[in-house]
Structure formats: structure tokens, C-alpha cells
Amino acid sequence: MTERKIALVTGGSRGIGLACALELAKAGCDIIINDICDAEKAKPALDEIKACGANAYFYSFDVSNDEAVKENVDKMIAEHGRIDILLNNAGITKDGLFLRMDMEQWERVIKINLTSAYCVTHAVIKYMMKARQGSIINMSSVVGLHGNPGQANYSASKAGLVGLTKTLAKEFGSRNIRVNAVCPGFIQTAMTAELGNIDEYLKAIPMRRLGTPEDIAKVVKFLALDTDYVTGQAIEVAGGLII
Ligand code: NAP
């Protein structure tokens, strides 16, 4: 019997992260979810993942705290043996027009969205190298490729993830570690709940609907499990928002 793969999903207790965790669980992976919240708040997500027939574990830490990341990743390896798939998904927004954007707004978003991917990947990839295999997926955004007024900090963080993705794909391809980015458009989650009237957004989307977390999860599953030869790519999943 082949061993079940283990996937670590950051920011995995809700939204896109949880949908990805569920998709990977349905495909036969065991799941480690991380979040900054306490175990009680993450319990419904763990129960949902377990209901798919997977083992599910929760580790609470801030993905941008390098020490906490190292400590928790080492603990995961000690307790579960390995991490085959890493989804760097945790992210935040702190929107505002650039002229009014203060340093706190800028640094917080860069830290949680981009520096976090450095911290978690740095801690995990040494174990993937030992295993001579791995798939890393960074949750970027269409705005990281195309920009968006009011999101200079967020767009820069998501563009940074694309650069990180392509560089790591080149550095680690020979170790059989693939690194890709997924760039969602407007997806229905808590993050986009504040958009208000969505009619204007819908006009710009050829498919005339917002995406669902499951739309993103299908592409994540493809990159994680269904291909062995796609690396260094930033795949837009946006209903044709920008063609
Ligand atoms: P969400 O519902 O706000 O979920 C984000 C998750 O990240 C939450 O579980 C949150 O935890 C967690 N998180 C935040 N800061 C963290 C930290 N420092 N350490 C650990 N976990 C942390 O957002 P989403 O819409 O599912 O977005 C998921 C990813 O997709 C993000 O990277 C986002 O930028 C990206 N994305 C989303 C869209 C969209 O339209 N929704 C579009 C493009 C890209 P708490 O619950 O404790 O706050």
C-alpha cells in the first residue's frame, strides 16, 4: 500500500485554504492545517477534513514569525514524518490608496503575505530535499500580475510571491521539488465580503460570476497531485477577468 501524502495548508481553517485542504483530503492526502487562531476555532475545519476520510491535525502559529514557524514545522516532522505538499495560503489585506498608505499598513501586509512564504518554505524545504520530492504552491493573486488601485501593498506582496515561485522552481527543480503559484481573481470568501455591490466586478468577468474557493482548490489539487512536470508557473484562476 502506498503511503498517504501529507499536505500542510497555512491559513487553512476557512475560505480558500479550507477548500484546498478538503480537496486534497478527498484525493487521499492527510492534512495539517495551520492558522493563527486557537484550536477551538479550528475544530469545525478539522472535523470537516476528517469527514473526508483523512487524518487532520492543527498547529496554531503566526506564519510570519520565523522562530514559531521553525519550531512548529520541526514538531510536525517529528509527529508525522514528512510534508509532501506545502500550500502557502495565509494572507491578509489592508487596503488604501498609496498616498494615504502608512508604513504599518505596508509592512504588515508584506510580512504576512510574502515574508511568511520565506519562513514556512525555508523551514519545510530542507525536509523535502531529504525526501527528494515535494510540491509547493504559493497563493498569489491576479493583482500580483496586473496591479489594482488601492492595493499597492497587497499587489506588491503577491507579485513578490510570483518572483519567489519562479526562483525556487529554478533552484529546486533538480531536487524533484516543484514550485508553482495560483493567482485567483475575485473569489467568494470573507476577504471579498466587503466588496459591496459586485455588479461592476461581474461586468468585467467573462464568466459572469465570482469564483468559489472550490474553483481554486481544483487547480491546487492539479498542481499538487496530478502533474509531475509543471513548475515555475503562475496560473490565473479568474473566470477570464484578464485575457
Ligand atoms: P480569508 O478567508 O481571510 O482566510 C485567510 C486565512 O489566513 C484565515 O484563516 C486567517 O486566519 C489566516 N491568517 C491570517 N493571518 C495569518 C497569520 N499571520 N498566520 C497564520 N494564518 C493567518 O482569505 P481567503 O479569501 O480564503 O484568502 C486565502 C488566500 O487567497 C490569501 O492569501 C489571499 O490573499 C488569496 N486570495 C484571495 C482572493 C479572494 O478573492 N478571496 C483573491 C486572490 C487571492 P484567521 O481566521 O485567524 O484570521
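Reader: Over how many bridges do β6 and strand β7 pair?
Author: This model is predicted: local features need pLDDT of at least 70, side-chain atom pairs count only at pLDDT 80 or more, and totals for chains, interfaces and linings use all residues. Residues are numbered from 1 along each chain as its sequence is written, and side-chain values use heavy atoms, leaving out hydrogens and water. Strands are DSSP runs (E, at least two residues; helices are H or I, at least four), numbered from the N terminus, and two pair if DSSP finds at least two bridges between them. β6 and β7 (residues 234-237) run parallel, and their bridges number four.

Reader: Which residue in β7 is the bridge partner of Val182?
Author: Val182 points the other way from Ile177 on β6. Its bridge partner in β7 is Ile235.

Reader: Which residue is the bridge partner of Ile137 in β6?
Author: Strand β5 (residues 134-139) runs parallel to β6, joined by six bridges. Ile137 has as its partner in β6 Asn180.

Reader: How many residues of β6 are buried?
Author: Ile177, Val179, Ala181 and Cys183 point one way, while Arg178, Asn180, Val182 and Pro184 point the other. Of the eight residues in β6 (177-184), the buried ones number eight.

Reader: How many nonpolar residues are in the lining of the largest pocket?
Author: The elements giving two or more residues to this lining are α1 (15-26), β2 (30-35), α4 (103-131), α5 (142-146) and α6 (152-172). By class, the lining has nine charged residues and 18 polar ones, and its nonpolar residues number 22.

Note on methods:
Buried < 20%, exposed > 50% of the residue type's maximum accessible area, 1.4 Å probe, protein only. Nonpolar A, V, L, I, M, F, W, Y, C, P; charged D, E, K, R; others polar.
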